[in-house]
Every structure is written in structure tokens, then in C-alpha cells.
Amino acid sequence: MKKKLVVVMMCAAMVAMLGVGCGSKSSDDSSSKSETKKTLTEDDIKDSMKGVKLKVGTTGLFGPFTYYDEDGKTLIGYDVDLLNDLQELLGFEIDGGLQAMDYSALTTSLAENKLDIGAAALCATDERKEVMDFSDIYCDSGQVVMVNKNDDKGIKSVDDLKDKKIAVEKGTASHTYASKNLTSATLEVHDTITTAYESLEQGKVDAVIQDGPGAYFYIKTTPDSNLEVVGDEFNQGQAPYCVAISKECKYYDEINAAVKVLIDNGTTDELYAKWCE
């Protein structure tokens, strides 16, 4: 099923989102670099990185894009599949295996060139573009407000958060939005979205702001959760998800061309249907 992808998996951003989400349709607009002199085709890039080893990172804390299977050890999700598809198309090897870390450590590692590429619903924000490059946008999402349905604080939309206590995940598009637009609110900043959810479940905060796909995934996969989404998505177009690429990586053109191929041939739509619907 085709989704409306404005661009996004995460925001910040994700990334022009890095979101943190599969909330809209794939786009072939570049979010970081100008177009290359030659448009690389699938034939040009197929197995073009054979023998190349890349250090690749993600986070296992952002379902449905990247999270651990029931065994607690196997990474699965939209972005894990996307990385596998890129590897199959380009032929590179993942040096030392896919590295999982929290969101803040992932972006720091990319900025410091300790990783070559990363995918974890990363938003292509202007701040991140200063220290890393991004592929074309493969998915986009807006943010949503989550509340504890057993603790009525009169919150019906983002407009009701100005004097509330809000939990956000550090370094995400939600964190950026709240810092810039909800200055009268009290922010509780978490290293992982998991602990932000826990804080709301326990009534320690009034709300959580999160990318739409991540919020709905948590509710869907947590049967005993007391959380619900209120109001409409907001901040759309500000959390586009891209593959982040180290500024020292020599293979930007090939990686970005591969992302374009996966968008154009419908792979990203298939991944959306598999993981986000």
C-alpha cells in the first residue's frame, strides 16, 4: 500500500529525521548535498562497493524502525531491512557487525566519523547537516502528543502543553520542537524513549512528545499500556528520515544513489507496509 511520504526514523531526525517516522511518502529530494554530476543508475552502483568495509550504526530502541526481536538479541525493523537492502545492492561489508547504541551516542559517533553510516529514523536537521551528510529522504513523520488515559490533565492537543511537564528523548525532533516552541513547559529529557514512556506510564510527567509511528508502535505492542495519542500530528515535514553518512565517508554518491533506487523501485513502500501499518 502506498503511503503519502512528504519526504522520514528516530529527526533530528531523523535528517530533513530525522522523526522519527514512516508517516508519509518517499521523496527523491536531496536533504544535504547538491546533486551529483552524473545520475548513477542501478546498473552503475550494483556491487560497486564490493570489498569495501563500512562501520554501520543504529539503535535498538526505536520501533518499528529499529528494535530487538523477542529474543532480546536480534535487531529487526524498517531501518534494519533498509540497511540490508543497501548492502545487497552495493555489495559492501559491515565492519564488526551492525552496532546498536542509544540515539545520542549514534549521532555523536556519526559526527565524529567513528561510524560511516547510520540508520535509525534519523532526522536530517540543519544542526546535524553541519557535522554529517544525509541521503535523500526515504520517510517522514510528524510528532504526536501521548498522555496517560488514567490521569486526565485536560490535554487534548499540543496546544495544551505550554505549562505541563513533558518527557522527550534527547536529541530527537521532539526534543528540538519542545525546546523551541514549549519554553514555558518543564522538559524531562531522557536518553531513551523507553524511559520517557515509563515516566508517563507512572504518572511522573503529563505527556510525551514522540514521532507518530513510534508512538503508535509502542501502544500497539504494549497491551497493558495506559498511554494514548491525543490530537493530530503536528510539526509535519520537520522530521524527515534519511540515511546519515559521515563527512569522511568516500561513498556518499553510491549510498545516496542506492537509496534513490530503493525509493524508485518501491522497496521503501514495501518496508512501510511491512513495519508501519
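## Around S246

S246 touches L110, N113, L115, D116 and D133, leaving aside residues up to four places away in sequence. Contact here means heavy atoms within 4.5 Å. This is a predicted model: local features need pLDDT of at least 70, side-chain atom pairs count only at pLDDT 80 or more, and totals for chains, interfaces and linings use all residues. Residues are numbered from 1 along each chain as its sequence is written, and side-chain values use heavy atoms, with hydrogens and water left out.

S246 lies in the loop between β17 (244-245) and α8 (252-264). Helices (H or I, at least four residues) and strands (E, at least two) are DSSP runs, numbered from the N terminus. S246 is buried, with a relative accessible area of 2%. Buried means under 20% relative accessible area, exposed over 50%, partly exposed in between (1.4 Å probe, protein chains only). The side chains of S246 and N113 are joined by a polar contact of 2.5 Å.

## A three-stranded sheet

Three strands form an open sheet in the order β3-β4-β5, with antiparallel pairing. β3 (61-62) and β5 (75-76) stand at the edges, each with a single partner strand, so one side of each has no neighbour in the sheet. Two strands pair if DSSP finds at least two bridges between them.

Strand β4 (residues 66-68) pairs with β5 in the antiparallel sense, over two bridges. Y68 stands opposite L75 in β5.

## Helix α6

Helix α6 covers residues 193-201. Its buried residues include I193, A196, Y197, S199, L200 and E201. After α6 comes G203, with a positive phi near 75°.

Technical notes
Polar contact = N/O pair within 3.5 Å; in protein donor to acceptor, adjacent residues only side chain to side chain.
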